Amino acid sequence: PVASPYREGSRMTDNYAARDLATIAHPYANLATLPDQGPVVMERGDGVYVYDSAGKPYLEGMSGLWCASLGFSNAELVEAAREQMARLPFNHLFAGRSHDPAIALAEKLKDMAPIPVSRVFFCNSGSEANDTQIKLVWYMNNALGRPNKKKIISRQRAYHGVTIASASLTGLPGNHADFDLPIAGILHTACPHHYRYALEGESEEDFATRLANELEEMILREGPDTVAAFIAEPVMGAGGVIVPPAGYFEKIQAVLDRHDVYMIADEVICGFGRLGEMFGSQALGMRPVSMSLAKALSAAYMPISAVLIPERMYQAMVDESRKNGAFYHGFTYSGHPVAAAVALKTIEIYERDDIVGHVRKVAPLFQQRLREFTEHPLVGEARGMGLMGALELVADRATKTAFPAKAGVGAMFTRYAAEEGLIARSLGDSMALCPPLIITESEIDLLFARLAIALDRTTVWVNSTLK
Ligand code: PMP
């Protein structure tokens with residue numbers, strides 16, 4: 001159903017744009033050009049739609065930031081938060097203090113995880129979870145008496161967050177330039193994007209084999225006794241929605257096994273149904289030792305994240321804290337009771353409403369519609385998995401030549417899409433989609449109808465200004 005377009009009595013006024021520009025330092029914005037474009041002020045949500053301050057509805061094709069899996073008006077989550085806030089709005093987990101929402105959530109996560117889990121460590125964001133992963137690996141290897149086994153291997157184009165350590169894991173140049181990152185001891189191996197990085201005529205299988213060989217060469221060059229862990233998203237998100245070639249993780253895993261390198265799955269986007277399995281690791285055949293969870297863990301209604309800790313690591317944490325007097329790591333809001341209560345309700349809804357079954361039912365249509373753009377003159381590659389996809393725009397389809405970054409083609413596309421009532425996101429040359437998991441087939445049709453218009457308008461603009 002298409003939401004009713006405009007609403008009387010909006011609480012917001014145009015004044016918000018000026019007040020925003022005068023006060024907010026926006027994350028991930030071009031701060032030089034933002035004043036010319038102005039912010040888009042959102043006011044309310046309904047299903048897969050959000051409404052701006054003028055009352056205009058947008059189909060939220062990105063679930064916010066890959067996170068609002070149950071859309072923008074779930075009354076059960078509101079009630080779960082309200083109840084917990086009224087009963088016990090805050091309590092912490094330091095020094096053995098506890099509360100029932102965190103206990104129940106940890107039990108639930110242990111129970112549903114596709115890997116053996118000893119304990120669950122709560123944080124507030126994906127960045128904090130991945131930062132914690134690095135600290136835990138270092139801590140464990142100190143406990144195990146191998147203080148040199150500390151390097152972490154990530155991948156080019158990976159996205160793992162923005163704290164000093166997690167931004168170092170992130171493999172995107174913008175996250176490093178002028179921030180004096182990455183820190184020492186974080187390495188990046190090749191990105192598994194066949195369309196962009198395969199050699200001329202190289203099959204997917206040969207490409208996967210070559211990347212696994214390159215990883216092994218890196219480990220041998222560095223010295224296996226210095227390499228502690230490898231971290232990967234099942235499908236890369238912010239790097240451009242990159243689905244690895246078939247067999248990739250199997251080959252990577254064999255290399256990691258040979259050198260006792262611990263595999264961490266960053267399930268921050270892919271966890272909780274996005275790829276048609278409860279966890280992305282299951283969809284991609286990964287065998288991680290540990291996982292980072294966030295975003296859809298709480299359907300984005302509250303900030304919360306979790307690190308799933310294996311037994312061997314937990315025992316090392318026990319040993320180290322016996323030596324040091326405590327395990328000195330934790331956030332004020334680790335396992336915040338309101339966030340934990342909302343996450344628990346979110347997972348209850350996923351299971352009760354069979355969200356994975358729903359994704360499996362509608363994802364084929366989503367992927368089919370996406371691939372109908374394969375032959376579009378601006379599209380180099382249409383790719384994706386589950387309810388996640390991207391169109392990579394190119395200046396020349398035959399040579400795969402990208403548009404010059406300064407041309408701003410992606411920004412034009414997302415602007416046209418917004419004018420048509422669709423929120424998409426440009427990640428470099430890739431136009432990403434990641435709609436709420438509750439999206440229906442008719443809403444998928446509407447999403448792609450709007451996208452088609454935006455893409456055609458972008459083509460007209462490209463032909464008139466760039467060619
Ligand atoms: N890992 C992945 C795979 C992500 O997509 C993100 C956020 N987009 C993060 C980590 C970082 O999460 P946060 O922004 O909550 O710190």
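**Exercise 1. Find which element supplies the largest share of the shell around the ligand.**

Solution. This is a predicted model: local features need pLDDT of at least 70, side-chain atom pairs count only at pLDDT 80 or more, and totals for chains, interfaces and linings use all residues. Numbering starts from 1 along each chain as its sequence is written.

- Step 1. Collect the shell. 16 residues surround the ligand (C-beta atom, placed from the backbone, within 6 Å). Among the closest are Ser125, Gly126 and Ser127.
- Step 2. Look for helices (DSSP runs of H or I, at least four residues, numbered from the N terminus). H3 (63–66) and H6 (126–143) each give at least two shell residues.
- Step 3. Pick the top supplier. H6 has the largest share, with three residues.

**Exercise 2. Sort the shell residues into nonpolar, polar and charged.**

Solution. 

- Step 1. Set the classes. Ala, Val, Leu, Ile, Met, Phe, Trp, Tyr, Cys and Pro are nonpolar; Asp, Glu, Lys and Arg are charged; the others, Gly among them, are polar.
- Step 2. Count. Seven are nonpolar, seven polar and two charged.
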